[in-house]
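Welcome! Take a moment to look over the chain below, and then we can walk through it together.

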Amino acid sequence: MSEQDRQAQEILAHLQQLKDQRQQIMSKIAELDAEHSEHNLVISTLEPLEPNRRCFRMIGEVLVERTNAEVLQAVIQSRDNLKKAMGEMAEVLKGKERELLDFVKKHNIRQTNDMAGLAKAASGVAKEEEKSTGVLV
């Protein structure tokens with residue numbers, strides 16, 4: 001195997017690794033979004049109830065009895081933490097997409113439909129780089 005072939009395989013392996021990392025981040029964001037929606041559903045269910053009413057909450061594998069007010073406060077705090085985590089993961093995703101796009105440009109990799117979608121997503125992230133007009137599809 002020639003040196004060029006080995007380098008090309010290393011570049012493609014690194015490109016695939018970056019794509020996999022991006023996909024993992026996107027999956028985690030989707031998972032956090034689903035949990036956020038569940039928290040909103042629980043909050044909308046608990047808000048109209050009296051604050052002193054008994055309420056049960058599953059923490060790990062333990063069912064704990066609390067008042068509605070205590071559980072509602074904990075769920076709201078948990079939801080807010082999820083929203084914050086989603087924002088942080090979105091920033092990490094933007095960075096990973098930028099890194100992937102820079103890697104593609106650095107190694108002059110031709111864009112497929114997947115990479116064209118990445119370029120569109122990154123254009124929203126990197127408006128200052130919109131000066132480039134040559135896109136291979």
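Where pLDDT is low, the predicted coordinates should not be read in detail. What you see is a predicted model, and the mean pLDDT of the protein is 86. Residues that reach 70 or more make up 80% of the protein.

**The overall layout**

How many helices and strands does the protein have? There are three helices and two strands, and along the sequence they follow the pattern α-β-β-α-α. Of the 137 residues, 23% count as buried. The accessible surface comes to about 9900 Å², and carbon and sulfur atoms account for 52% of that area. Among contacts between residues at least 6 apart in sequence, 64% join residues at least 24 apart.

**Along helix 1**

Helix 1 covers residues 3–46. With 44 residues, helix 1 reaches 64 Å from its first C-alpha to its last, close to the 64 Å expected at 1.5 Å a residue. The buried residues of helix 1 include Leu15, Leu18, Ile25, Ile29 and Leu32. Lys19, Arg22 and His39 are also among the buried residues of this helix.

His36 sits in helix 1 and is buried, with a relative accessible area of 13%. Which residues does His36 contact, leaving aside its neighbours within four places in sequence? The partners are Arg79, Leu82, Lys83 and Met86. Helix 2 spans residues 68–106.

Lys28 also belongs to helix 1, but Lys28 counts as partly exposed, at 34% relative accessibility. From C-alpha to C-alpha, Lys28 and Ala90 are 9.9 Å apart in space, while 62 residues separate them in sequence.

**Pairs of opposite charge**

Side chains of opposite charge can pair when their charged atoms come close. The count of salt bridges here comes to seven.

| Pair | Distance, N to O |
|---|---|
| Arg6 and Glu3 | 2.4 Å |
| Glu65 and Arg54 | 3.7 Å |
| Lys96 and Glu99 | 3.2 Å |

Let's start with Arg6 and Glu3. Both lie in helix 1, three residues apart, which is about one turn of the helix. An α-helix has 3.6 residues a turn, so residues three or four places apart point the same way. Arg6 is partly exposed, with a relative accessible area of 35%, and Glu3 is partly exposed too, with a value of 45%.

Next come Glu65 and Arg54, whose side chains meet in a salt bridge of 3.7 Å. Glu65 lies in strand 2 (residues 62–67) and Arg54 in strand 1, so this pair ties together parts that are eleven residues apart in sequence. Are these two residues buried or exposed? Glu65 counts as partly exposed at 44% relative accessibility, whereas Arg54 is exposed, with a relative accessible area of 59%.

Lys96 and Glu99 take us to helix 2, where they lie three residues apart, about one turn of the helix. Lys96 is buried, with a relative accessible area of 15%, while Glu99 counts as partly exposed at 35%. Back in the list of charged residues, salt bridges that share partners join Glu3, Arg6 and Glu10 into one network.

Finally, have a look at the strands. Which residues make a nonpolar surface patch of about 340 Å²? They are Phe56, Met58 and Leu63. Phe56 has its place in strand 1, which runs over residues 54–59. Phe56 is partly exposed, with a relative accessible area of 46%.

As you turn the model, you might trace helix 1 again with its 44 residues, then pick out buried His36 and the residues His36 contacts, among them Leu82 and Met86.

Methods:
Residues are numbered from 1 along each chain as its sequence is written. Side-chain values use heavy atoms; hydrogens and water are left out. pLDDT is the predictor's confidence in each residue, from 0 to 100. Patches are made of residues with over 30% relative accessible area and no salt bridge: like charges are joined within 9 Å, nonpolar side chains (Val, Leu, Ile, Met, Phe, Trp, Tyr) within 5 Å. Accessible areas come from the Shrake-Rupley method with a 1.4 Å probe; for residues, only the protein chains shown count as cover. A salt bridge is a side-chain nitrogen of Lys or Arg within 4 Å of a carboxyl oxygen of Asp or Glu. Helices (H or I, at least four residues) and strands (E, at least two) are DSSP runs, numbered from the N terminus. Buried means under 20% relative accessible area, exposed over 50%, partly exposed in between (1.4 Å probe, protein chains only). The expected span of a helix is 1.5 Å times one less than its number of residues. Contact means heavy atoms within 4.5 Å.
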